[in-house]
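Here is a short report on one protein chain. Look at the structure first, then read on.

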Amino acid sequence: MPPKKSKKPSRNGYWEFVLECRDKQPNKHMNMQELQTYASRKWSNLSKEERQPYEARAQVARDTYQPTKLTTDGLEIEEVERKEKEQVGKIQDMKNDITRTLKAASFAMNLDEHMFLIIHINHLTHYPNEDRFFICEIAIAALNLKNGIEEVYHSIVKPGKLPLGFYGGALAHSKETHQLIDLAQEDPCQDNTQEVFGEVTQFLKKYRNNHSPLIVYADDKTFDMTTNVINNFRDDFRFDEEIKVYNLQYMFFALRNAVAGKTVWQTETFAFSELEKDVYSYTPNIACAFHEMSDISIYCSKSFVTRYCYTICDHCCAELRIQLVPGFHVPNKSRVVTESRSASKDPSVYSNDDSRSAHSARVNNSLSSTSYDDDYPALASKSSASSVVSFSSMKTVKSASTPKKTAARLEQSFKALSLKEAAKRDHGDLAFPKHGTTRNRNNF
Ligand SMILES: [Zn+2]
């Protein structure tokens, strides 16, 4: 609805007089027509001098009146500018907070253990009347540079029945992307959002950094939606604690520069384009059961967050001399080759069995030989040769079929998956090996 236009000023002295009569009229029940008749009779009896104050008042009103400038959408320009300013301020606050947090972690020498919670949400449709999204899948990865991916939370979300008239749009979006609409809207329509939000908040609390606020990082494309979803959930289920949604691309940019020393990325564009390249897009076995079987894993929320983690590790671990461990920092069957300039006796390829201990040894070595940088004292100096071959150049063959071609496989997926199993959060059967079973993080 367009905002009300600001009130126009009185047209002339007579109109000022009418308004005064209205306020002072003896008969409170007089209608406008009666009032005008009454005022006009009195006005005609006034001398020029008596009319003067009313004329002056009208002149002042005309002089001070400025029509409200509107945008082409009918919105007040001032209001739009105020909102834009507020938005810019919020983004700057977010950037400052991210930079400050990373610097603090770096000074505390635990940037490599700092936990990042990376979120991805798939949605069915946006319902503008209530400004809320109906979502169908959510995944959150808990990542730190030292250990890679600690755990991924994932759930299929059943948002309840879509509002009338919104099914068509949701169906079209679903067909083009995640194809989850049948699962999320299967008869009888269920609503498990409260249960999912409960699990999400538990997960966030489990992996929060010491006493810090709850923060999730969402990619640029889903940032606004994620903010909206989280805020609506907090309102709906009366969750008092704030959950900040921060921009993943900016965090990646800041983290990369925090560990990179002199080879910093000059602009955030580098972070955008590295995530956009998505070199791990067709990694097998990182999607949820439904998407893995339906051959459209690229759209899976669980796959998204996992790929983001791999890309971040790929660009940030080497600078901290952290060995990439398959299944944690890079895809499970990756061959991680060491190219240390000093004749290293470390194996050039780790199997999954000995990778953890090799990883530990390497981190220990690197920490003992760490040199310092003014801004980020916990970081090795840049002159040190990277001991890890970067995976950013590793292109995966994009072989997945288009959504249309996957209809048959999708059919199979539905048959194979009972509703209950699919709706259940499945982070219990992740492809990631469990952390903490063979060693304690504090042993480092
Ligand atoms: Zn999925």
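Strand β4 (residues 214-218) runs parallel to β5, and five bridges join the two. Strands count as paired if DSSP finds at least two bridges between them. Helices (H or I, at least four residues) and strands (E, at least two) are DSSP runs, numbered from the N terminus. This is a predicted model: local features need pLDDT of at least 70, side-chain atom pairs count only at pLDDT 80 or more, and totals for chains, interfaces and linings use all residues. Residues are numbered from 1 along each chain as its sequence is written.

Leu-214 has Ile-243 in β5 as its bridge partner. Together, β4, helix α8 (residues 223-236) and β5 form a right-handed β-α-β unit. Right-handed means that, with the strands pointing away from the viewer, the path from the first strand over the helix to the second runs clockwise.

Strand β5 (residues 243-247) is mostly covered, with four of its five residues buried. A residue is buried if 20 or more other C-beta atoms lie within 10 Å of its own, with C-beta atoms placed from the backbone.

Phe-133 lies in strand β2. Phe-133 is buried because 21 other C-beta atoms lie within 10 Å. Its C-alpha atom is 7.2 Å from that of Met-225, 92 residues apart along the chain.

The table lists contacts (C-beta atoms, placed from the backbone, within 7 Å).

| Residue | Contacts beyond four places in sequence |
|---|---|
| Phe-133 | His-123, His-126, Met-225, Asn-228, Val-229 |
| Ile-140 | Leu-117, Ile-118, Ile-119, Tyr-153, Val-200, Phe-203, Val-216, Val-305 |

Terms used
Two residues are in contact if their C-beta atoms, placed from the backbone, lie within 7 Å. A residue is buried if 20 or more other C-beta atoms lie within 10 Å of its own, exposed if 12 or fewer, and partly exposed in between; C-beta atoms are placed from the backbone.
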